[in-house]
Amino acid sequence: MSQDRLFPVEPADLEETPRLEHLVDRKGLAELVGSLAQMSGVSIRLFNTEGTLLADGSLDSPLLRRLEGVPAARAALSREIVQIKRIDPAGRAERCSSLTGAFYQVIAVDYDHRRMGRAIVGPFLEHPPSQVPPGLAALAPDLPLDLLASLPLLPPERVASLEAHLRSSLDLILFAGHKSLLTSQMHLASISANYRELQDRNARLQQAYDRLRELDRLKSNFLATVSHELRTPLTSIIGYSEMLTEGIAGSLTEEQHEFIQTIHEKGEQLLQLIKNLLDLTKLESGTLSVQRAPTPIEPVLRQVVSTFLPAARKKGVVLELILPPDLPPVLGDGERLRQVFLNLTENALKFTPVSGLIRLSATLVSAEDPEDDDGFALLAPSAEQLEVRVADSGIGIPEAERSKVFDAFYQVDSSSTREVGGTGLGLSIVKRIVDAHEGSVCIEANQPRGAVFVVRLPLASP
Amino acid sequence: MQLDFSARELTIKLVYYGPALSGKTTNLQVLHALSTEETRGRLMTLETKDDRTLFFDLLPLTFKSDQNFSVRLKLYTVPGQVIHASTRKLVLQGADGVAFIADSQASETRNNAAAFKDLKQNLREHGVELGKMPLVIQFNKQDLPAARPEAEIIAQARRGKEPVFCASAVQHRGIVETFAGLFFLTWRSLDRVHGLGSRMGFDERRLFSEITQRFQGQRPMRELLRSAHTAEGQDLSLQVEP
């Protein structure tokens with residue numbers, strides 16, 4: 001599994017005693033062994049269990065240098081060294097003697113009752129030499145005695161204390177190394193456990209998310225079907241009520257006429273709501289097609305204004321349109337854009353009181369965030385947008401509500417006694433159509449009161 | 001359990017489990033203090049700044065009752081705090097036996113029960129049923145005035161399945177006994193499954209004697225096991241040859 005490759009450390013590793021060279025820093029170990037050798041005046045070398053030299057604290061020896069130059073002695077000494085290196089002390093240490101009359105102390109390096117390696121201390125003498133040993137004299141005649149006396153002199157108690165010191169230092173270093181190794185293994189293992197837990201949770205979240213999406217899709221399908229089925233009988237209701245008001249089925253009293261008129265009006269309202277629902281579900285499911293082509297914005301906005309002008313006059317609200325000359329066309333679907341600004345203007349009219357003002361305006365703007373001008377020269381030309389502002393002097397929208405008003409069915413005032421009617425679908429449709437145009441819509445506050453809906457649309461390429 | 005034929009050693013993992021601050025680490029510290037130098041390794045504690053156990057404590061104990069084989073015990077504690085759930089689970093992995101260290105104070109009854117359920121759940125996630133795991137229970141902190149009385153604990157132990165030890169880690173009381181009980185049950189369980197005695201030639205009597213010799217007081221296994229409170233007919237000490 002992939003996560004096992006990511007985190008290869010399993011807690012089973014806790015049970016393994018690691019190797020000497022894994023627990024210590026080689027350079028630091030060499031420094032420690034070197035300084036011990038300097039302090040005691042005798043060479044110390046540290047090997048792992050396989051006999052690989054891990055730290056070399058060899059001191060210069062005039063005797064050994066001299067013997068190096070004598071082939072027979074050199075060969076004998078090499079054989080001797082090979083033999084000493086092979087010694088694996090049965091107990092804590094083992095001593096062996098050299099043909100020079102000196103000694104080597106082979107010290108076992110154990111940790112947690114396991115052999116980790118060995119340290120070889122020597123050569124050293126226990127007593128000052130009285131003569132060149134015969135075996136050595138045979139190999140290297142004329143060897144002066146004082147050269148032999150240059151070997152370090154280490155009485156048994158010094159050897160014992162050096163051994164104890166070396167042993168306890170190494171034990172502490174190995175313990176510290178082992179402890180950090182275990183700590184890091186545990187860190188890795190717990191990260192790995194947490195990672196798996198998070199993955200499980202992610203998988204569960206993903207499942208829940210998929211389920212919700214499926215439910216959402218079912219809801220949209222249901223709405224589309226229901227809207228369609230509702231429309232058919234409604235068309236009959238509207239048609240027949242229209243025929244009745246026209247007197248096709250005979251003359252009506254004034255009261256009857258008024259009642260039928262109300263049935264007709266409410267039927268139209270219901271039809272509009274159903275159309276909106278249908279649009280919304282189509283927009284949600286992505287089945288509503290947006291045919292984007294270079295579209296001049298001016299006719300769209302003029303049409304919107306002329307649609308609402310009678311209603312505005314009736315309410316005593318001023319509705320004006322301010323357009324600079326020569327606005328470039330946007331890349332959009334004229335019919336859908338008209339729907340956007342119809343919804344926004346209707347919304348503005350709904351919330352603007354008598355003697356209020358609604359102003360539609362359009363300008364060219366740069367799409368870039370003014371604070372972020374990285375690569376401005378490159379990006380600015382492609383980033384021009386057309387901004388249409390629909391400003392009203394109504395009750396305004398509190399800042400906390402601004403992002404929510406675009407949710408379907410959302411109403412800032414959701415109380416049953418609210419003053420203004422509506423289903424809360426209009427702005428949701430606006431947002432979806434603008435999104436389908438790769439544009440943006442947001443709300444700003446108007447001064448001194450009211451709200452401004454700001455729609456930005458990409459321009460058609462020149 | 002790990003059996004390394006080339007190194008001729010058997011490694012057994014024992015875990016001290018229990019709620020936070022019940023004295024698991026203190027158990028290991030006491031075992032360390034009461035064991036001989038050639039047996040005990042360094043007590044390793046991976047602790048946080050406030051001296052609470054972060055990951056675990058580890059006390060290695062090595063016994064060589066046999067010329068040919070050594071038996072290495074690794075005693076682990078788990079961190080008791082709730083936040084270290086994943087660490088507890090990791091340390092528990094591959095455990096051969098568990099000592100559950102409970103806090104004797106009546107106010108801790110609920111925490112003891114929660115930790116025990118946690119143990120059961122974690123074992124289950126490793127595919128081990130609690131009933132199959134060698135398990136002893138220790139009621140620690142018997143020295144505290146608010147501790148539940150020993151008589152009450154004994155009465156309950158008689159009705160339960162697991163051997164129960166009353167202990168006071170700070171007074172070094174009942175700690176070696178708990179360890180002996182845990183080792184005894186674990187050994188017998190491993191022996192049944194792997195034939196440690198019959199197939200591999202481990203001499204149980206010598207090993208038990210070696211182990212008990214390595215702790216202060218050098219009391220024989222049978223005597224140590226006599227401290228275990230068990231159900232009728234389950235007396236641990238009667239299961240060891242005198």
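This briefing covers a sheet, several helices and a chain contact in a predicted model. Local features need pLDDT of at least 70 and side-chain atom pairs count only at pLDDT 80 or more, while totals for chains, interfaces and linings use all residues. Residues are numbered from 1 along each chain as its sequence is written, with chains lettered from A and ligands numbered from 1 in the order in which they are written. Helices (H or I, at least four residues) and strands (E, at least two) are DSSP runs, numbered from the N terminus.

**The sheet of chain A**

- Chain A has an open sheet of 5 strands in the order E2-E1-E5-E4-E3, with antiparallel pairing; two strands pair if DSSP finds at least two bridges between them.
- Its edge strands are E2 (53–57) and E3 of chain A, each of which pairs on one side only.
- From one strand to the next, the twist averages 15°.
- Strand E5 (residues 114–124) of chain A is mostly covered, with 9 of its 11 residues buried. A residue is buried if 20 or more other C-beta atoms lie within 10 Å of its own, exposed if 12 or fewer, and partly exposed in between, with C-beta atoms placed from the backbone.
- Strand E1 (residues 44–48) of chain A pairs with E5(A) in the antiparallel sense over 5 bridges.
- Within E5(A), Ile120(A) is the bridge partner of Arg45(A), and Val121(A) stands opposite Ile44(A).
- Strand E4 (residues 103–111) of chain A also pairs with E5(A) in the antiparallel sense, over 8 bridges. Arg115(A) in E5(A) stands opposite Asp110(A).
- The hairpin of E4(A) and E5(A) has 2 residues between the strands, and Asp112(A) takes a positive phi near 55° there.
- Strand E3 (residues 93–97) of chain A runs antiparallel to E4(A) and is joined to E4(A) by 5 bridges. Arg95(A) has Gln105(A) in E4(A) as its bridge partner.
- In the hairpin of E3(A) and E4(A), with 5 residues between the strands, Gly101(A) has a positive phi near 90°.
- H8(A) lies across E3, E4 and E5 of chain A and runs at about 30° to E4(A).

**Helices within chain A**

- Helix H10 (residues 297–315) and helix H11 (residues 334–351) of chain A pack at an angle of about 25°, with their axes 9 Å apart. Axes are lines fitted to C-alpha atoms, for helices over the stretch in contact, and angles run from 0 to 180 degrees between N-to-C directions.
- This angle makes H10(A) roughly parallel to H11(A); angles under 35 degrees count as roughly parallel, over 145 as roughly antiparallel, 65 to 115 as roughly perpendicular and the rest as oblique.
- H10(A) and H11(A) have a right-handed crossing. A crossing is left-handed if the near helix is turned anticlockwise from the far one by less than a right angle, and right-handed if clockwise.
- Residues of H10(A) including Val300(A), Val304(A), Phe308(A) and Ala312(A) meet residues of H11(A), among them Leu337(A), Phe341(A) and Leu349(A). Two residues are in contact if their C-beta atoms, placed from the backbone, lie within 7 Å.
- The contact of H10(A) with H11(A) divides into 10 nonpolar, 4 polar and 3 charged residues. Ala, Val, Leu, Ile, Met, Phe, Trp, Tyr, Cys and Pro count as nonpolar, Asp, Glu, Lys and Arg as charged, and the others, Gly among them, as polar.
- Helix H13 (residues 426–436) of chain A is mostly covered, 9 of its 11 residues being buried. Lys431(A) and Arg432(A) are among these buried residues of H13(A).
- Glu438(A), which follows H13(A), has a positive phi near 60°.

- Chain B has 7 helices and 8 strands, and 49% of its 242 residues count as buried.
- In chain B, 68% of the contacts with a separation of 6 or more are between residues 24 or more positions apart.
- The contact takes 14 residues from chain A and 19 from chain B. On the side of chain A that touches chain B there are 7 nonpolar, 4 polar and 3 charged residues.
- Helix H8 (residues 156–245) of chain A and helix H2 (residues 85–92) of chain B cross at roughly 115°, and their axes come within 9 Å. H8(A) is therefore roughly perpendicular to H2(B).
- The crossing of H8(A) and H2(B) is right-handed.
- Met186(A), Ala189(A), Ser190(A), Ala193(A) and Asn194(A) of H8(A) meet Ser86(B), Thr87(B), Lys89(B) and Leu90(B) of H2(B). By class, this contact has 4 nonpolar, 4 polar and 1 charged residues.
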